[in-house]
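The stops below are given in the order in which to select them.

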Amino acid sequence: MLNFKQHLNEVLNKPYSYDRPKKFADPKADKAYAAYFETDDKSEIDVIFTGREHMDDTDHLDWEIEFKRDGSQTMTGEGDAMRIIATVMKIVKDFIKIEDPKYMNLGAAKPKGSDKKLSGRERLYGRLIQKEIGSKYKVRVDNSSSGTVWNIEKK
């Protein structure tokens with residue numbers, strides 16, 4: 001039987017097949033990209049990168065990363081969350097190769113009534129972000145009872 005670390009490594013090495021991020025026109029952004037993949041249960045996952053001028057560094061864009069399952073950012077409890085986030089992180093790495101961003105952020109909302117403590121999902125996100133891009137980026141975590149945001153800045 002695999003321990004958690006072995007299971008995580010196995011999942012990370014078997015992301016879903018996906019399309020590379022492609023530019024698209026977003027009237028609310030200076031630049032935007034999207035990628036898409038489908039899960040085993042035929043759910044559609046969209047990964048969207050929206051770049052807007054950074055408020056303190058106008059020479060660079062601040063990229064917001066979001067992903068949706070069948071159009072929703074709500075946790076579904078479908079059981080393949082680790083494989084989905086592993087695939088999202090592979091897409092983020094592809095996006096980094098395309099745009100070489102200086103600033104990025106990724107958020108995870110919490111259900112109403114949550115406390116400030118990081119959930120298992122949030123700890124997983126944090127570990128994967130650190131593992132996949134932490135060597136080139138410093139990651140700052142802002143956590144509250146409504147959600148967690150990982151602010152990612154090139155070292």
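Select R83 and Y16: the charged end of R83 sits over the ring of Y16, 3.8 Å from the ring centre. A charge counts as over a ring when NZ of Lys or CZ of Arg is within 6 Å of the ring centre and within 35 degrees of the ring normal. The model is predicted, so local features need pLDDT of at least 70 and side-chain atom pairs count only at pLDDT 80 or more, while totals for chains, interfaces and linings use all residues. Residues are numbered from 1 along each chain as its sequence is written, and side-chain values use heavy atoms, with hydrogens and water left out.

Keep Y16 and move on to the aromatic pairs. The whole structure holds seven of them. Rings of Phe, Tyr and Trp (its six-membered ring) pair if their centres lie within 6.5 Å; planes under 30 degrees apart are stacked, over 60 edge-to-face, and the rest tilted. Y16 lies in the loop between α1 (4–12) and β1 (22–23) and F37 in strand β2 (residues 31–38), so the pair ties together parts 21 residues apart in sequence. Helices (H or I, at least four residues) and strands (E, at least two) are DSSP runs, numbered from the N terminus. Y16 and F37 are both buried, that is, under 20% relative accessible area (1.4 Å probe, protein chains only; exposed is over 50%, partly exposed in between).

Next, select Y33 and W63. Their ring centres are 5.9 Å apart with planes at 55 degrees, so the pair is tilted. Y33 is in β2 and W63 in β4, so parts 30 residues apart in sequence are tied together. Both Y33 and W63 are buried.

Centre on F49, in strand β3 (residues 44–53). F49 counts as buried because its relative accessibility is 0%. Its contacts (heavy atoms within 4.5 Å) include P21, I65, I91 and V92.

Finally, select strand β5 (residues 103–109), where five of the seven residues are buried. Strands pair if DSSP finds at least two bridges between them. Four bridges join β5 to β4 (residues 61–69) in parallel, with W63 opposite M104. Seven bridges join β5 to β7 (residues 147–154), running antiparallel; here Y103 stands opposite E153.

Conventions. Lists of a residue's contacts leave out its neighbours within four places in sequence.
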